[in-house]
Amino acid sequence: MAVTAPRLWLEGALVDATDAKLPVMAHAAQRGSLVFDAGSFHPTPRGPALFRAREHIARFLRSARAVGLELSYGEEELLRASVEVVRATGRDEGLVRWSAFFTAGAPDLLPRSSRGHVAIAGQLLEEPGVPKPIRVATFPDARKAAPEALDPSVKVGAAYLGPMLHRRRAKAAGADDIVLLDREGHIAEAPVANVFAVVGGAVWTPPLRYVLAGITRDSVLALARAEGIPVREEPLPLETFRNADEVFLSGTSLPLAPISHVDGRALGPAPGPVTARLTQRFLAIHSGSDEAFREWLTYV
Ligand code: PMP
């Protein structure tokens with residue numbers, strides 16, 4: 001869980017978060033067309049550092065383009081603004097959330113203007129630190145939208161409604177989160193995280209066809225390769241996932257969440273050894289003490 005810091009960046013200036021209001025008739029609200037991205041920042045001996053901020057901003061700009069939002073800011077301006085936002089939090093750990101949205105009124109299907117507005121909020125984590133093991137559920141009919149209907153690489157508000165309802169259902173069934181299946185019935189992803197299994201010593205994650213190109217996912221694959229752990233980006237059958245040696249979620253605010261139970265059945269110790277090893281490597285990178293991945297940090 002994260003709470004928004006008192007000040008956020010809105011169209012070039014830091015303002016009180018409570019003053020940043022969206023009209024109820026805005027296209028962003030009526031049609032769910034707001035696009036967003038979220039990155040993390042972490043304490044280092046040289047002050048807070050943003051993790052892979054350029055990749056988050058590039059993905060944010062791709063999402064905006066896909067929805068037809070025309071923005072007045074490019075990657076460099078957004079990176080500078082993000083640094084300002086982190087400084088304004090006065091903290092050394094949290095999230096940065098970029099949003100772009102149409103404000104043009106009347107709930108027509110097509111927005112009346114393609115002008116996009118940008119807000120960048122600092123968010124503080126209520127429970128920083130390594131996440132506790134979680135329980136996940138799967139349901140045969142809890143699936144990702146078909147990529148022909150909704151491109152899974154676009155982070156747009158409307159895409160999260162189905163996953164939100166599926167998570168609610170998983171919680172009602174006693175789990176913490178849902179793992180959605182793809183059209184073929186294989187593992188896809190969780191509502192806001194990618195999914196990994198460790199099978200026979202290899203780290204296995206579904207390919208990008210049905211899932212978001214998570215920046216943590218990409219980092220896990222890079223770290224596994226650096227550690228000499230074999231990686232597989234292949235369709236992940238449900239039964240393989242259920243019987244894996246370890247399973248975990250990956251996402252910016254985690255970065256890895258070990259899974260202790262799938263559909264009510266306990267797996268081995270969570271975190272298992274591979275999950276723990278990758279988590280340690282993440283923590284070293286976040287804290288600026290891992291030379292090999294130094295270029296992933298932007299010091300604030
Ligand atoms: N999948 C979805 C659908 C998401 O919303 C997120 C969160 N951005 C992720 C996966 C994880 O992506 P990342 O590692 O870039 O946070």
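Q: Which ligand atom is 2.7 Å from an N or O atom in the side chain of E189?
A: In this predicted model, that atom is a nitrogen of the ligand.

Q: What about I215: does a side-chain or a backbone atom lie 2.8 Å from the ligand oxygen?
A: A backbone N or O atom of I215 lies at that distance from an oxygen atom of the ligand.

Q: And how far is T252 from a ligand oxygen?
A: A polar atom in the T252 side chain is 2.6 Å from an oxygen atom of the ligand.

Q: How much of the ligand does the protein bury?
A: The ligand taken alone exposes 390 Å², and the protein buries 95% of that area.

Q: Which elements give two or more residues to the shell around the ligand?
A: Those elements are α2, β10 (193–199) and α5 (215–226). The ligand is surrounded by 16 residues, and Y160, E189, I215, T216 and T252 are the closest.

Q: Changing topic: which residues touch the most other members of the largest nonpolar core?
A: They are F60, L78, V118 and I120, in a core of 26 residues.

Q: Which element gives the most to that core?
A: Helix α3 does, with 6 residues. This core also draws at least three residues from each of domain 1 (2–125) and domain 2 (134–286).

Q: What does F60 touch, leaving out residues up to four places away in sequence?
A: The contacts of F60 include V35, F36, L71, L78, W98 and V118, together with D37, S99 and A100.

Q: How many residues are in the second, separate core?
A: That core has 21 residues, among them A193, V195, W204 and L267.

Definitions and conventions
Residues are numbered from 1 along each chain as its sequence is written. This is a predicted model: local features need pLDDT of at least 70, side-chain atom pairs count only at pLDDT 80 or more; totals for chains, interfaces and linings use all residues. Side-chain values use heavy atoms; hydrogens and water are left out. A nonpolar core is a set of buried Ala, Val, Leu, Ile, Met, Phe, Trp, Tyr and Cys residues joined through side-chain atoms within 4.5 Å. Buried means under 20% relative accessible area, exposed over 50%, partly exposed in between (1.4 Å probe, protein chains only). Helices (H or I, at least four residues) and strands (E, at least two) are DSSP runs, numbered from the N terminus. Domain bounds come from an automatic or database domain assignment. Contact means heavy atoms within 4.5 Å. A residue is near a molecule or strand if one of its heavy atoms lies within 4 Å of it. A polar contact is a pair of N or O atoms within 3.5 Å; within protein, one must be able to donate a hydrogen and the other to accept it, and residues adjacent in sequence count only if both atoms are side-chain atoms. Accessible areas come from the Shrake-Rupley method with a 1.4 Å probe; for residues, only the protein chains shown count as cover.
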